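Here are a few notes to read alongside the model. Have a look at the ligand first, then the helix.

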Amino acid sequence: MVIGADSANSRVAKSIKARNYAFAIACQERIKLPEEKMAYYENLDKMYVGHDVSPDFYGWVFPKCDHVAVGTDTVCSKPDIKIYLNGLRKRPKINEGKVIKVEAHPISEHPRLVRVQGQVALVGDTAGYVTKCSDEGIYFATKSGWMCGEAMVRASKEGLRMINEGLRREYLKKWDEMYFSTFKVLDILQRVFYGSDAAKEALVELCGKCNICHLIRLAEGNRWEDLKLLFSTIGVWFGVILWEEKLRVWARNY
Ligand SMILES: Cc1cc2nc3c(=O)[nH]c(=O)nc-3n(C[C@H](O)[C@H](O)[C@H](O)COP(=O)(O)OP(=O)(O)OC[C@H]3O[C@@H](n4cnc5c(N)ncnc54)[C@H](O)[C@@H]3O)c2cc1C
């Protein structure tokens, strides 16, 4: 039995002819800041929205040991990723310091259609388990690896028999039952909120209302919470449309 956990450009996925997925490109610089500037980020993560940092996503700054990670990602304008990274570096407090590492990596946009074949199963980035909107992949990589391992033990009767269709039932079906709606809701949120700067501002407002605990509950596949978030999204979305319409009228008049 094989678990394919070899990232987005997976050889295991190729070997079972799992079809490719659409992907975003993420680019991140590790920057060593002067000590007094680093103190500012000691207990702080920052998220930046705006066309200068990403046309369809957000930029981030967060501390990692003795340096900060400064990154952004985009689907619609991949060749310009460096321009957005430079835009991000123009934001306050990160425009000095020494770049010690640059990382670029594809990020899946949706789960692959083929994730199990015979005795082979895909997990994490290889399966395409990164949520839209929040780009959360670490939790889902860990969770899917765990679930897949357990499913293999169960389906093979603790290694006493060869598995076949059992893996699909024990792993894929359970995974989709738990997380399909979470991935779908976050997909809708991304479509709604990353289209314009006004919509991104509305997302920031929504995040203030439904705090981080809410998002963690989302990750646990709580359908009721998903539904509540979907309704607040629709409410804020109408707000954005009305607000943009008001702006258009104002621009026409003046
Ligand atoms: C810039 C950036 C920022 C991110 N920020 C966040 C974040 O804030 N929060 C979050 O939840 N997620 C974030 N993600 C996504 C997250 O990093 C991934 O979803 C997660 O690491 C996926 O884990 P994985 O184990 O599936 O794959 P990986 O972490 O990519 O691990 C795959 C491993 O397989 C190895 N490998 C590959 N090919 C082979 C081979 N042929 N033979 C042997 N070994 C091989 C690789 O060396 C690697 O060690 C970010 C991603 C990027 C690129």
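1. Start with D125: an N or O atom of its side chain sits 2.6 Å from an oxygen atom of the ligand. S7 also has a polar side-chain atom 2.9 Å from a ligand oxygen, and G137 brings a polar backbone atom to 2.9 Å from one. (Polar contacts here are pairs of N or O atoms within 3.5 Å.) The protein covers 55% of the 1,000 Å² of accessible area that the ligand has on its own (Shrake-Rupley method, 1.4 Å probe).

2. A word on the source: this is a predicted model, with local features needing pLDDT of at least 70 and side-chain atom pairs pLDDT 80 or more, while totals for chains, interfaces and linings use all residues. Numbering runs from 1 along each chain, and side-chain values use heavy atoms, without hydrogens or water.

3. Who surrounds the ligand? There are 17 residues, with H105 and I138 among the closest (a heavy atom within 4 Å counts). They split into 7 nonpolar, 5 polar (Gly counts here) and 5 charged. Domain 1 (2-8 + 111-238) and domain 2 (23-108) each give at least three; the bounds come from an automatic or database assignment.

4. Now helix α6 (166-193; helices are DSSP H or I runs of at least four residues): its 28 residues reach 39 Å from first to last C-alpha. The expected span is 40 Å, at 1.5 Å times one less than the residue count. α6 bends by about 50° at Y179, comparing axes fitted to the seven residues ending and the seven starting there.

Definitions and conventions. Helix = DSSP H or I, 4+ residues; strand = E, 2+ residues; numbered from the N terminus. Polar contact = N/O pair within 3.5 Å; in protein donor to acceptor, adjacent residues only side chain to side chain.
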